[in-house]
Structure formats: C-alpha cells, structure tokens
Amino acid sequence: MSVSSALRRDLIYSAAAGGAFMVSYLGTVLAYEMAEFTAGARVGLAMLPALAFLLFIVAEVRLIRRCDELQQRIQLEALAVAYPLAIAIVMVLTLLQKAGLQEMKPKWATCRLPIFSVWRSPTGATGERFSLVLA
Amino acid sequence: MKNRLRVLRAEYRWSQAELAERLGVSRQTVNAVETEKYDPSLPLAFKIAQIFGKAIEEVFQPNGAGGPEPGGAKEEGQ
C-alpha cells in the first residue's frame, strides 16, 4: 500500500470517527430531551460520545503519524491554535452563563458542539503559511 | 535557508511528484522546500543531498553571507 493511499484511508477513518462523535453527541442530547432514563442509563448514554471521541483521537494520532514532516508541523501548529481557542470558547460560554444569559441554557449542549470544529479549522490557516492546504 | 533544489531537479528531469516519491514525502513538501517556504529537517536535507549525489552544503546554503563555500578549505588551528 502506498503512503498516499494509506494517508487517504487514515483521513477517511478520522472523518468517520469525527462524524460518529458528532452524531452520538447530538443523539445523546436529543435523547435526554425527548425521553426519561434511569440514572444508570443516563450515565451510559453520556459515555457513548466519549467512546466515539476516543476513536477519533486514535484515528487522528494515526493520521498525524502517517503525515510527512511538513504536514505534521502544520497539524501541530493547528493544534497549538485550536486547543487554547477551544478553552477560550468554553470559558466565554461559561462567563456568559454567569453573566445571566440563562435563556441560552436549553441550547447549551448544542452550543458546545461547534467547539469540536475548532479542532480542524486552523489547519487551513497554518497550511496557508506554506502555500498549501492539506486534505 | 537557500537551496538549489529546483536546479538539481531540472538537471535530473524529475517532476516534484517524482522527487517526492523518492524522498517519501508529499509533493507539497517538495514544493514548500523548493520555494524556500519551509526548511527541511536535517534527516530530510541529508536525504535530498544523497539522492542528488551532493554534499549537503552543495544543496543548502544559509541565508546571507558567512556560510562555508561548497568544497572550500576548512580553517585549521582551532
């Protein structure tokens, strides 16, 4: 198997795991809103997105290991932007809640989902530095 | 860091994709090195030099003056 086809396969795994996380997260949020569960079932349901996210992390690490040195540098620079950005978004949302924006609360869980997309978005910006866009 | 990658690649009549295949990196990486937007790691720089049968300083030169001349005499008595 050539490097590029292996890289493509890892990209597909990573996208699929990311999609599985989003679907399981939204599904769990919807399930909580639409039905009543026992305490045990609620905890079990909450673990589903976490499992999908673990798969995503494994796929992402495999993908980055498969990349060449420039691609790895772009990914790591993107993570250096994405990680603090995600923390900043969570902090701002928390402060907004403390500031009394209680009406946002029912949509809280879905508001946090876009934070996940922060993971990928800086890749384009960091890739642009080297006049290339990955994937 | 300056380099002669484009010139050497033209001498060998290799495309960026061909060189990338030989180096085991992506074509984008070869392009970024060639256009001097990215300085390769030492192992990759050595690999590039080795593929063209050159010493590393014959392919890569530091920016500005002060770099050793390719094939130049070494200073002695240090």
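Me: Where in chain B is the place of B:Arg13?

Reply: B:Arg13 sits in the loop between H1 and H2 of chain B. Helices (H or I, at least four residues) and strands (E, at least two) are DSSP runs, numbered from the N terminus. This is a predicted model, in which local features need pLDDT of at least 70, side-chain atom pairs count only at pLDDT 80 or more, and totals for chains, interfaces and linings use all residues. Residues are numbered from 1 along each chain as its sequence is written, while chains are lettered from A and ligands numbered from 1 in the order in which they are written.

Me: Why is B:Arg13 called exposed?

Reply: Count the C-beta atoms, placed from the backbone, within 10 Å of the residue's own: 20 or more others make it buried, 12 or fewer exposed, and anything in between partly exposed. B:Arg13 has 7, so it is exposed. Its phi is also positive, near 55 degrees, in a residue other than glycine.

Me: And what makes B:Glu36 partly exposed?

Reply: B:Glu36 has 13 other C-beta atoms within 10 Å, so it falls in the middle class. Its place is in the loop between H3 and helix H4 (42-51) of chain B, and its phi, near 60 degrees, is positive for a residue other than glycine.

Me: Why does B:Asn3 count as buried?

Reply: B:Asn3 has 20 C-beta neighbours inside 10 Å, and 20 is enough for the class, so it counts as buried. The residue lies in strand S1 (residues 2-3) of chain B.

Me: Which residues is B:Asn3 in contact with, leaving aside its neighbours within four places in sequence?

Reply: They are B:Val33, B:Glu36, B:Val59 and B:Phe60; a contact means that the two C-beta atoms, placed from the backbone, lie within 7 Å. B:Phe60 is 57 residues away along the chain, yet the C-alpha atoms of the pair are separated by 4.4 Å.

Me: What makes up the largest nonpolar core, and which members touch the most others?

Reply: A nonpolar core is a set of buried Ala, Val, Leu, Ile, Met, Phe, Trp, Tyr and Cys residues joined through C-beta atoms within 7 Å. This one has 16 residues, and B:Leu5, B:Val30, B:Val33 and B:Val59 touch the most other members. Helix H3 (69-98) of chain A, along with H1 (5-12), H2 (16-23) and H3 (27-34) of chain B, each supply at least two residues. The largest share, four residues, comes from H3(A). As a rule, nonpolar side chains tend to be buried together in soluble globular proteins.

Me: How do you know that the span of H3(A) agrees with its number of residues?

Reply: The expected span of a helix is 1.5 Å times one less than its number of residues. For the 30 residues of H3(A) that should be 44 Å, and the end C-alpha atoms are 43 Å apart, so the two agree. Buried residues in H3(A) include A:Leu70, A:Ile74 and A:Ala78.
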